[in-house]
Amino acid sequence: MPLPTPAARTHRHTRQVTCTGYKREDGLWDIEGHLVDTKADEMPLSEFILKAGDPLHDMAIRLTVDLDLNIHAVETTMDATPYTMCPGIAPVYKQLEGESIRPGFTKKVRDLFGGIQGCTHLVELLGPVATTAIQVTFQERHRLAKSTAESPVSAQLNSCHTYAEDSPVVEQYWPELYKG
């Protein structure tokens, strides 16, 4: 269902965030996030004039993970930024290598890269990248689980109203986890 018809308005800015997951031939998974910001009008910046429609930000990050969501490799690119010094921060994201995507990951990202220790846009992009890693590996992790307790479903228990341990969805599809 589409959003209701809005009031009269003029387009000024577009942010596109795309996340894509790939299963690699070596059994690992690549999760790529891409963020692009464009302005509808020309915008004078300190170092150059941004032409209408050209990217103000064009950044990407790739996490390589295993099925336990351990991060094996991190690659970042910053192809368009408002300042020439911005891409210099990209290598710090290698600090994620050896970390895992699990509860507390967002806090860990903010602790490592918040404020002047990182780039706001790459920090923001890591949220949907982490969610994409969970989504793209879900079926295989579920298939390999020896029991419901080991299944990624149990990790989602109580993560939202649909997965509440007393919800009709949990009762119907995972009765062994249901606590009505």
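Is Thr132 buried or exposed in this predicted model? Thr132 is buried, with a relative accessible area of 16%. Here buried means under 20% relative accessible area, exposed means over 50%, and partly exposed lies in between (1.4 Å probe, protein chains only). The model is predicted, so local features need pLDDT of at least 70 and side-chain atom pairs count only at pLDDT 80 or more, while totals for chains, interfaces and linings use all residues. Residues are numbered from 1 along each chain as its sequence is written, and side-chain values use heavy atoms, with hydrogens and water left out.

Thr132 belongs to helix H2. Helices (H or I, at least four residues) and strands (E, at least two) are DSSP runs, numbered from the N terminus. The C-alpha atom of Thr132 is separated by 6.6 Å from that of Cys19. Along the chain, these two residues are 113 residues apart.

Cys19 itself counts as partly exposed, at 23% relative accessibility. A disulfide is a pair of cysteine sulfur atoms within 2.5 Å. By this rule, the structure has zero disulfides. For Cys19, the closest cysteine sulfur is in Cys119, and the 15 Å between them is too far for a bond. For Cys119, the closest cysteine sulfur is in Cys86. That distance is 6.7 Å, again too far for a bond. Cys119 counts as buried, at 9% relative accessibility.

The pockets come next. On a 1 Å grid over the protein atoms alone, a pocket is an open set of points with protein on both sides within 12 Å along at least five of seven lines; a cavity, in contrast, is a set of points where a 1.4 Å probe fits but cannot get out. Lining residues have an atom within 4 Å of a point. Grid points are joined across faces, edges and corners, and a volume is the space filled by probe spheres set on the points.

The largest pocket has a volume of about 740 Å³. It is lined by 28 residues, and the closest to its centre are Leu69, Ile101, Arg102, Pro103 and Ile134. Three helices each supply at least two residues of this lining: H1 (105–113), H2 (120–144) and H3 (152–156). H2 gives the most, with 10 residues. By type, the lining of the largest pocket holds 14 nonpolar, eight polar and six charged residues. In this division, Ala, Val, Leu, Ile, Met, Phe, Trp, Tyr, Cys and Pro count as nonpolar, Asp, Glu, Lys and Arg as charged, and the others, Gly among them, as polar.

The second largest pocket has a volume of about 190 Å³. Its lining includes His57, Met59, Cys86, Cys119 and His121. Eight residues of this lining are nonpolar, four are polar and none are charged.

Asp37 is found in strand E2 (residues 29–39). Asp37 is buried too, with a relative accessible area of 2%.

Backbone geometry stands out at two sites. Most residues other than glycine have a negative phi. Leu69 has a positive phi of about 65°. This residue sits in the loop between E5 and strand E6 (71–80) and is buried, at 5% relative accessible area. Asn158 also has a positive phi, near 65°. Its place is in the loop between H3 and H4. Asn158 is partly exposed, with a relative accessible area of 49%.

Helix H4 (residues 168–173) contains Val170. Val170 counts as buried, at 1% relative accessibility. Its C-alpha atom is separated by 9.5 Å from that of Val153, 17 residues apart along the chain.

Aromatic pairs complete the description. Rings of Phe, Tyr and Trp (its six-membered ring) pair if their centres lie within 6.5 Å; planes under 30 degrees apart count as stacked, over 60 as edge-to-face and the rest as tilted. The structure holds three such pairs. Ring pairs link Tyr163, Tyr173 and Trp174 into a cluster.
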